[in-house]
Every structure is written in structure tokens, then in C-alpha cells.
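Please load the model in your viewer and keep the sequence panel open beside it. The stops below are meant to be selected in order.

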Amino acid sequence: MLPAKTAQGYALQQTLAVWTRGGHTLLDFSLSAEDSGEGDFETSFELASFAGLRAELAAGDLRPLYLGWLAAVAVWELADDDEEEYQRETEPSVPAGLAELTGPQRALADFLRVPQDLLAVAASDSAPATESAAAPDRLAAFIAGLPAPEKDTLLLQAALGTAPQLGPGLLARFRQSLRTSEGGPGVRRSAAQLLDAAHRHRTVRAQRERAARGAAEQARVRAVAEARDARLDHLARDQATAWRTIDDLIAQRKPAAYDQAVALLSDLRALHARQGSAADFDRRSGELRTAHRGKPSLMRRFDALGFPNL
């Protein structure tokens with residue numbers, strides 16, 4: 001169903017080999033740990049993840065082939081070979097839909113470790129997938145344009161079951177007609193151009209991610225500050241109860257209660273600092289330290305937070 005000549009245009013021995021046997025086209029997608037730049041594979045894959053690739057290729061979907069070629073380009077980058085070799089190697093025909101891979105194609109890209117930035121820049125020159133909303137109408141028009149004798153032959157084959165892959169064959173011819181009528185990009189990109197574009201894409205993406213992380217951290221810090229301000233506002237309305245609560249927690253003589261007590265003390269210290277009465281807090285917390293000096297676990301907590309030692 002897939003002409004070997006078509007597949008050969010995408011074959012680079014690092015990741016994709018193509019040969020024929022008994023009139024059939026055989027494809028070997030592979031990536032060794034050495035080629036991937038990793039000591040071992042940390043992710044396992046099930047054969048079922050890739051089973052759909054055969055039907056897609058039989059129906060003329062060439063995205064799996066292009067992924068194999070793209071993976072080889074990524075291997076070259078890791079190998080750091082001669083730049084002239086990158087310049088000489090030009091990309092094969094770019095299939096439609098690289099920006100919207102199917103599940104099996106996504107699994108293949110993951111298995112071959114195609115870098116996301118390299119795939120993104122490659123997809124920028126890829127037309128939308130033919131499985132768009134308009135495709136059924138275009139497919140219907142294509143079938144309607146077939147010669148009547150040929151359609152009769154196809155229907156007879158379907159009825160007799162002598163052409164079990166009639167559907168994929170028609171889809172493959174339809175896709176080929178689209179590629180012929182729409183044509184490919186005016187200029188094929190070299191492997192060097194793709195790698196350079198992927199580097200720029202990766203740099204911009206990293207900058208955006210850092211900016212997003214920075215903005216998220218600022219938002220988190222603001223949220224924490226706002227929550228503490230709200231907590232201190234509530235505490236300011238009844239400080240006497242807070243000091244009594246601290247006494248009750250310490251009286252429990254339990255680590256968890258000590259943690260709650262010093263956390264409440266920390267809020268009281270911040271509240272007194274905001275009110276300009278830090279000396280009053282130092283006096284009262286110093287009295288607490290004196291009263292409970294025999295509790296070493298509590299004293300360690302006081303020391304860790306820098307409560308005054310009168």
C-alpha cells in the first residue's frame with residue numbers, strides 16, 4: 001500500500017530504514033540509547049501504541065515517515081557532526097498535519113525522542129491536516145471525479161472482498177492528489193536551518209517559561225502576604241485571647257501544640273511590629289521564656305524564631 005520509493009525519501013539510517021521483500025514495503029523505526037544521548041531508556045512503550053501507524057501509512061498519511069527523518073536530524077545534533085553535512089541534507093516533502101499528530105504518531109515521536117522545539121518549527125511549514133472539516137467534501141469530489149469504469153471495478157472488488165484495503169487505497173490516492181494540486185513549500189529547509197530554528201524556538205520558550213514562573217512566584221508571594229495581613233487584622237481585634245490561647249497550647253506539653261503556639265507568637269510579633277509596639281511583644285514573650293525555661297523543646301522553638309531572651 002505504501003510505495004517504497006515514497007518511504008525512501010524520508011529514510012536516514014539513524015532512525016528509519018526502508019526495504020522491500022516480496023512486493024511489500026518494510027519500515028524499521030529505531031533509536032538506540034547511544035543515538036539518543038542517554039545511558040538507558042527510562043520510558044517503556046507498548047506495541048499497541050504504534051499499531052495504528054500501519055493503517056495511517058497505508059492510507060497515505062506520511063507524518064510517521066517525516067517523524068523518522070526529524071528524529072535522525074535530532075540525533076545528528078547530539079552527535080555534533082560536521083556542519084556541512086547539516087547544510088547538504090534537505091528535508092523531504094513536509095506532510096500536512098504535523099501540528100496535530102494522531103495518538104500513534106505522538107507515541108512514535110515520543111519513542112524516537114523528537115525534541116518538541118524541533119517538531120514545532122518543522123510543523124510551521126505544514127498545512128492543516130486533510131482530516132479537517134472540509135476534507136469529506138473534497139474526498140467526495142475526488143471520488144466523483146474518478147472514471148465510471150474504475151468506480152465500477154472498485155465497487156466489484158469491494159463486493160467480492162478481493163480488495164480488503166480498498167478504503168486506505170482510496171485515501172492514499174486522495175492525499176496524493178492533494179499534495180499534487182497544492183504543492184509543497186517553495187524551498188525545502190536544510191537540517192541546519194531546522195536545527196537553528198529549533199534552537200531559537202527553545203530559547204524563546206525557555207524565556208517565556210521563566211517569565212511565567214516568575215509571575216507565578218510573585219503571585220504566590222502576594223497571596224501569602226495578603227493572607228497574613230488578613231490574619232493579623234483578625235488577630236488585632238482580640239490580642240488578649242491570642243495570648244491566652246498561647247498559654248493553653250504550651251500547657252499541653254505536646255510538640256504539635258508547641259508548634260501552634262510559636263506560630264501564633266510569630267503572628268503576634270508581626271502585629272506588634274506593624275503597630276509600633278515591638279517592645280511590648282519582647283517583654284511578654286520574654287516573660288513566657290522565663291516561665292517555661294524548663295521546657296527544652298519549647299525553648300528550641302523560641303530560639304529558632306529569635307524570640308528575645310530576657
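Predicted model: local features only at pLDDT ≥ 70, side-chain atom pairs only at ≥ 80, totals over all residues.

Residues are numbered from 1 along each chain as its sequence is written, and side-chain values use heavy atoms, with hydrogens and water left out.

Select Thr25, Leu27, Leu53, Arg54 and Leu57, which lie nearest the centre of the largest pocket among its 18 lining residues. A pocket here is an open set of points on a 1 Å grid over the protein atoms alone, where a 1.4 Å probe fits, with protein on both sides within 12 Å along at least five of seven lines, and lining residues have an atom within 4 Å of a point. This pocket holds about 580 Å³ of space, a volume being the space filled by probe spheres set on the points.

Next, colour strand 2 (24-29), helix 3 (52-58) and helix 6 (103-111), each of which supplies at least two lining residues; strand 2 gives the most, with five. Helices (H or I, at least four residues) and strands (E, at least two) are DSSP runs, numbered from the N terminus.

Staying on helix 6, select Pro104, Gln105, Ala107, Leu108 and Ala109, which are buried, meaning under 20% relative accessible area with a 1.4 Å probe and protein chains only. After helix 6 comes Arg113, whose phi is positive, near 55°.

Finally, move to Leu195 in helix 11 (residues 191-236), which counts as buried because its relative accessibility is 8%. Leaving aside residues up to four places away in sequence, Leu195 touches Val73, Glu77, Tyr86 and Leu118, where contact means heavy atoms within 4.5 Å.

Definitions and conventions: Buried < 20%, exposed > 50% of the residue type's maximum accessible area, 1.4 Å probe, protein only.
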